[in-house]
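Please read these notes with the structure open beside you.

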Amino acid sequence: MDAMLSLSHVSFSYHTLGGETLALRDISFSVGFGEFAAIVGPSGCGKSTLLSLICGLIQPESGAITMAGKPTAAGSPGIGYMLQRDHLFEWRTVYDNVLLGLEIQKKLTAENRRRVEQMLETYGLSAFAGMKPSALSGGMKQRAALIRTLALDPELLLLDEPFSALDYQTRLEVADDIGMIIRREGKTAILVTHDLSEAISMADRVIVLSKRPGQVKSIIPVSFPDEYDTPLKKRNAEQFSHYFNLIWKELKQYG
Ligand code: ADP
Ligand code: MG
């Protein structure tokens with residue numbers, strides 16, 4: 001069976017007046033259906049560039065990217081993107097914010113509305129639906145932003161350092177929340193982070209990139225016994241420090 005997403009020998013350079021910057025070199029990996037992959041690497045190594053390539057905002061210089069065996073097209077509706085900032089609009093209620101994507105794509109059907117209302121209910125935001133985003137905690141805002149992304153029923157979710165604007169405590173809680181929602185909705189996801197612990201506690205596989213130009217240094221499958229079924233619990237598992245040390249060494253070795 002084809003992988004959900006497959007990158008084969010992908011390279012990319014930025015061209016500016018100052019010259020050419022090779023951001024990514026010869027990147028190959030694939031992500032299976034329903035898999036949660038994390039990409040870690042030092043700041044500036046090309047992680048955000050990699051997500052832009054995957055969602056078709058920019059085209060690889062060489063190599064190929066396919067989804068379910070087909071080349072990825074620009075703005076493919078099958079891909080949802082979640083960023084560091086929640087980007088909720090203060091002049092809209094939480095409810096109108098989570099419907100925004102559907103509105104833009106002219107998919108505001110009764111059925112889609114019901115699905116979004118169900119998610120607000122399931123994930124504890126129903127009581128806040130009529131309020132403005134400023135009434136929500138940082139964690140609730142990220143949950144609302146995720147529901148807005150999920151409203152479009154994307155096949156693949158891209159998360160670019162989605163928790164880095166939050167304080168540490170909130171960050172742990174939100175990672176737990178978001179991880180649970182993504183697994184429950186059965187989505188394939190790619191999380192980009194420079195936080196090793198976050199990657200290990202959330203992902204099925206961690207892809208380690210070198211410093212720029214980003215290259216795949218190693219791909220490490222992560223698994224915990226069944227009872228460690230949330231990111232927070234995994235952080236307390238015996239295996240956690242093993243993975244941490246392993247990936248830490250990989251990162252350090254290549255700066
Ligand atoms: P990361 O997300 O891992 O921090 P980025 O993908 O944002 O890294 O950037 C990778 C490299 O490409 C960096 O060295 C950055 O300076 C450069 N870069 C990013 N965006 C642009 C751009 N629009 N024009 C020129 N260079 C860029
Ligand atoms: Mg980035």
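1. The model is predicted. Please keep that in mind for every distance and area quoted here.

2. Ligand 1 has a shell made of Tyr14, Thr16, Pro42, Ser43, Gly44, Cys45, Gly46, Lys47, Ser48, Thr49 and Arg212. Helix α1 (47-54) and strand β1 (5-16) each give at least two residues to this shell. The largest share, three residues, comes from α1.

3. Oxygen atoms of ligand 1 come close to polar atoms of the protein in several places. One oxygen is 2.5 Å from an N or O atom in the side chain of Thr49, and one is 2.9 Å from such an atom in the side chain of Ser48. At Gly46 a polar backbone atom is involved, and the distance to an oxygen of the ligand is 3.1 Å. Ligand 1 taken alone exposes 560 Å², of which the protein buries 63%.

4. How much of α1 is buried? Seven of its eight residues are, so the helix is largely enclosed by the rest of the structure. The buried residues are Lys47, Thr49, Leu50, Leu51, Ser52, Leu53 and Ile54. After the helix comes Gly56, which has a positive phi, near 85°.

5. Pro42, one of the residues around ligand 1, sits in the loop between β3 (36-40) and α1. Its relative accessibility is 22%, so Pro42 counts as partly exposed. Pro42 and Lys211 are 169 residues apart along the chain, yet their C-alpha atoms are separated by 5.8 Å.

6. Glu161 deserves a separate look. Glu161 is in the loop between β7 (156-160) and α6 (168-184). Glu161 is buried but has no salt bridge, and the nearest side chain of opposite charge, that of Lys47, is 4.2 Å away. A salt bridge needs the nitrogen and the carboxyl oxygen within 4 Å. The side chain of Glu161 does make a polar contact with the side chain of His194, at 2.8 Å. Beyond its sequence neighbours up to four places away, Glu161 touches Lys47, Gln84, Val192, Thr193 and His194.

7. Leu159 belongs to strand β7. Leu159 is buried, and its relative accessible area is 0%. Leaving out residues within four places in sequence, its contacts are Phe36, Leu51, Met82, Ile182, Ala189, Ile190, Leu191 and Val192. Leu51 is also among the buried residues of α1.

8. How many salt bridges does the structure hold? There are eight. In one of them, Glu35 meets Arg205 with N and O 2.5 Å apart. The partners are 170 residues apart: Glu35 is in the loop between β2 (19-31) and β3, and Arg205 is in strand β9 (residues 205-209). Both Glu35 and Arg205 are buried.

9. Asp153 and Lys187 also form a salt bridge, with the closest N and O atoms 2.7 Å apart. Asp153 is in the loop between α5 (138-150) and β7, and Lys187 is in the loop between α6 and β8 (188-193), so the pair ties together parts 34 residues apart in sequence. Asp153 is partly exposed, at 46% relative accessible area, whereas Lys187 is buried, at 11%.

10. The last pair is Asp195 and Arg171, whose closest N and O atoms are 3.3 Å apart. Shared partners join Arg171, Asp195 and Glu198 into one network of salt bridges.

Technical notes: Residues are numbered from 1 along each chain as its sequence is written. Chains are lettered from A and ligands numbered from 1 in the order in which they are written. This is a predicted model: local features need pLDDT of at least 70, side-chain atom pairs count only at pLDDT 80 or more; totals for chains, interfaces and linings use all residues. Side-chain values use heavy atoms; hydrogens and water are left out. Helices (H or I, at least four residues) and strands (E, at least two) are DSSP runs, numbered from the N terminus. Buried means under 20% relative accessible area, exposed over 50%, partly exposed in between (1.4 Å probe, protein chains only). Lys and Arg count as positive and Asp and Glu as negative; His and the chain ends are not counted. A polar contact is a pair of N or O atoms within 3.5 Å; within protein, one must be able to donate a hydrogen and the other to accept it, and residues adjacent in sequence count only if both atoms are side-chain atoms. Contact means heavy atoms within 4.5 Å. A residue is near a molecule or strand if one of its heavy atoms lies within 4 Å of it. Accessible areas come from the Shrake-Rupley method with a 1.4 Å probe; for residues, only the protein chains shown count as cover.
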